[in-house]
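Me: I am new to reading protein models, and I would like to go through this one slowly, asking at each step what stands behind the words that are used.

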Amino acid sequence: MKGICGEQLNNCMLLVDCENSDNGPAGFPAEGVPAEADESGGGGGRGGTLAFAARRVRNRQVHSMAVRSGSAYDTLERPYRHNKLRGKWAKSADFYFASCTYAFSSLVFSDLATFGLLHGGWLFFIISYLMGMIFYSLPIFLIQAFLGQFSSSGSISAFRVAPIFKGIGYAILLLNLGTLTYYSIGAVVPLIYTVNSLHATMPWMSCNNTWNSENCSRHEDYDVDDIRIDPHSTVEFFRSTIASTGEGSVAMTISWSMLVGVLAIWVVVLALMLKPVAFIGKALRCACVVMFAFFLAVFFYSAIHERIDLDTLQYYWMPQIGSFNSLFATSRCAFLMAGVALGPGWGSVVTLASYNSFRTDAERLSVWVCLTHVTIGLMGLLCCNVAHDHFEDHVGMIPLHVDEKHHMQFLYLCFSYFFGRFSTTPNLWAFLFFGMVFLSELCALVIQMMSVVTALFDEFESLRSKRTLVIGSLVAGLSASSVYFCTQLGFSQLTQLPNLAMFTQLFISGILLIMTTWVYGRVRFQCDLQFMLGKTISSFKIFFIRFATPIFLGLCLFQLSILFWRDQIHHVLIWISQGLVLLTAISYMVYKVTQTNGSGRQRLQQCLAPHDWHPVDADNRRFYEEIMGISEMLVIDANANAT
């Protein structure tokens with residue numbers, strides 16, 4: 001088989017200690033057969049005894065590797081039928097570029113990084129950020145990539161590896177649908193700033209607009225001791241155009257700019273979703289390259305314009321921890337930023353990897369994606385600090401003088417004023433930066449829609465023939481629900497989403513990790529990875545994922561729970577989302593067990609066993625089933641290959 005050699009197959013088979021099995025499989029010589037029986041076959045003497053002993057050890061190893069899958073009769077579950085029209089990426093690099101588009105999202109340039117640095121300095125923040133990337137993002141990214149690429153299916157059908165957990169897949173689908181109702185808001189806000197940056201005078205740098213109040217100010221200096229200062233033009237632009245909190249507004253006051261932008265964005269998403277996945281991959285690839293170019297241009301010009309030197313970096317680097325709570329706040333912000341590598345929503349990596357070719361080196365791409373996120377994240381960290389310091393030096397303190405009570409205020413207030421103060425082509429730099437953020441949020445919206453659509457079409461075969469109708473209905477419903485978040489009340493309710501996303505992401509990641517490395521099994525997981533990638537996977541990596549990552553996830557959940565309790569965060573969305581995940585998962589577990597034949601123990605074993613878990617390609621499937629079967633002729637001898 002192309003892409004995998006005999007030595008790698010032997011490594012796959014040798015994962016299991018021969019002491020784990022006492023008897024050879026049916027059809028092989030048992031251990032009680034005397035050596036003379038083999039010697040009489042022509043081997044003779046000591047050589048025949050050794051050959052028989054080696055063959056007996058191999059028999060036990062292959063027997064221990066045999067995967068018993070749940071049958072359709074035992075589980076009463078229909079066989080999985082692969083959607084042959086789902087398509088693949090035009091190039092293997094499309095997976096990398098699609099996974100990197102979220103590295104430029106608004107969350108990377110939000111107040112998370114800046115306030116984390118204010119509490120603990122660069123030293124502790126970067127340490128926490130790298131720990132989150134190594135212990136959390138990279139292992140979970142690899143697991144999700146494995147589930148998607150090996151099964152070539154979305155976030156529901158990929159749970160064939162352990163069908164009892166398929167309720168988590170349905171919970172992921174519901175969570176993604178819920179977040180898509182408001183996710184377009186994250187794209188429309190930078191779109192509004194991008195369009196307005198094309199004006200000769202950017203409107204947020206002027207007090208001559210219809211929405212400006214009599215007290216509007218364009219001050220470039222203020223008294224730090226003043227509790228209240230006149231509202232700046234950048235603040236009034238955000239209040240009137242984005243948050244709809246200007247004078248005379250009410251709870252249901254709608255921002256018409258945001259409404260038009262939301263509808264336009266959903267039209268673009270609909271047009272892309274009706275295209276083949278190869279076309280979507282090319283669009284994401286081009287968008288990612290454009291974002292890279294825009295970001296590098298903005299970063300280096302900002303560093304030159306603000307004269308960033310070693311003294312500035314040293315000032316940011318020094319720890320400024322005031323209490324143990326400050327350390328908690330720093331690590332929470334860092335872990336949340338590390339989770340950005342897992343993409344928007346839940347299960348997006350599973351979806352993106354499902355369009356890979358079966359032999360794509362997902363391990364190498366996972367490392368490169370995480371390294372890219374780290375690089376962009378640290379460079380964005382410097383940009384956030386510079387923009388924050390610039391804003392507080394000239395406009396006001398956040399949140400003392402400027403308190404919009406919204407998590408988006410930092411990004412759009414600080415950076416709009418920062419670029420507006422540039423002496424050379426300020427419109428250009430504002431256009432590049434906000435255009436970059438808009439493209440990232442638009443790509444995130446497309447990827448989340450891909451996750452929903454892929455999960456539906458892979459799991460429900462009857463919907464595949466109604467692709468246009470299903471996609472059109474979804475877009476129409478989601479765009480209609482997005483209108484609510486264009487109002488003052490709806491926009492104000494988006495403040496708890498980062499905490500909500502982090503808690504749910506950690507919880508679901510923990511379940512995925514337990515399912516693949518414990519329920520499915522370390523040996524099976526490692527062997528499947530080796531078969532898929534065509535190379536040897538170190539056992540240390542598997543043990544690291546199996547033990548270190550769950551401990552780290554547990555500590556993160558514990559820390560986040562303490563934060564919620566300390567700050568008295570009892571937002572209804574958090575309780576609803578966690579209750580939805582648990583209720584859906586547990587309900588499906590109960591349903592699955594009750595619909596399975598046999599005794600209680602047999603039912604549980606059948607529900608935990610993989611069902612139709614194999615590559616969808618005919619050649620790879622045949623070879624995989626042979627390798628994971630119980631036939632002596634399937635074990636490739638490295639010495640025989642050498643001869």
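Me: How many helices and how many strands does the secondary structure of the protein chain come to?
Reply: This is a predicted model, and the secondary structure of its protein chain comes to 25 helices and 0 strands. Buried residues make up 56% of the 643 residues in the chain, and among contacts between residues at least 6 apart in sequence, 85% join residues at least 24 apart.

Me: Why is Ser 157 called buried?
Reply: A residue counts as buried when its relative accessible area is under 20%, and Ser 157 has a relative accessible area of 1%, so it is called buried. Ser 157 is found in the loop between helix H6 (111-151) and helix H7 (166-196).

Me: Why is Leu 177 called partly exposed?
Reply: The term covers values between the buried limit of under 20% and the exposed limit of over 50%, and Leu 177, with a relative accessible area of 23%, is therefore partly exposed. Leu 177 lies in helix H7, and, leaving aside its neighbours within four places in sequence, it is in contact with Val 452, Leu 474 and Leu 478. Leu 177 and Gln 448 are 271 residues apart in sequence, and their C-alpha atoms are 8.6 Å apart in space.

Me: How do you know that Pro 610 counts as buried?
Reply: Its relative accessibility is 1%, and because the limit for buried is under 20%, Pro 610 falls in that class. Pro 610 lies in the loop between helix H23 (600-608) and helix H24 (618-627). From C-alpha to C-alpha, Pro 610 and Phe 159 are 8.5 Å apart in space, although 451 residues apart in sequence.

Me: What makes the phi of Ser 152 worth a remark?
Reply: Most residues other than glycine have a negative phi. Ser 152 is not a glycine, yet has a positive phi of about 50°. Ser 152 is found in the loop between H6 and H7, and at 4% relative accessibility it counts as buried, because the limit is under 20%. Ser 244, also not a glycine, has a positive phi of about 55°; this residue is found in the loop between helix H8 (233-243) and helix H9 (256-273), and is buried with a relative accessible area of 3%.

Me: How do you know that helix H14 has a span close to the one expected?
Reply: Helix H14 (residues 362-394) has 33 residues and reaches 47 Å from its first C-alpha to its last, which is close to the 48 Å expected at 1.5 Å a residue. H14 is also mostly covered, since 25 of its 33 residues are buried.

Me: Which residues lie nearest the centre of the second largest pocket?
Reply: They are Ser 213, Pro 231, Glu 236, Arg 239 and Glu 247, out of a lining of 22 residues. By class, the lining has 8 nonpolar, 8 polar and 6 charged residues, and about 480 Å³ of space lies in this pocket.

Technical notes. Residues numbered from 1 in each chain as written. Predicted model: local features only at pLDDT ≥ 70, side-chain atom pairs only at ≥ 80, totals over all residues. Heavy atoms only, no water. Helix = DSSP H or I, 4+ residues; strand = E, 2+ residues; numbered from the N terminus. Expected span 1.5 Å × (residues − 1). Buried < 20%, exposed > 50% of the residue type's maximum accessible area, 1.4 Å probe, protein only. 1 Å grid on protein atoms, 1.4 Å probe; cavity = no way out; pocket = protein on both sides within 12 Å on 5 of 7 lines; lining within 4 Å. Points joined across faces, edges and corners; volume = space filled by probe spheres on them. Nonpolar A, V, L, I, M, F, W, Y, C, P; charged D, E, K, R; others polar. Contact = heavy atoms within 4.5 Å.
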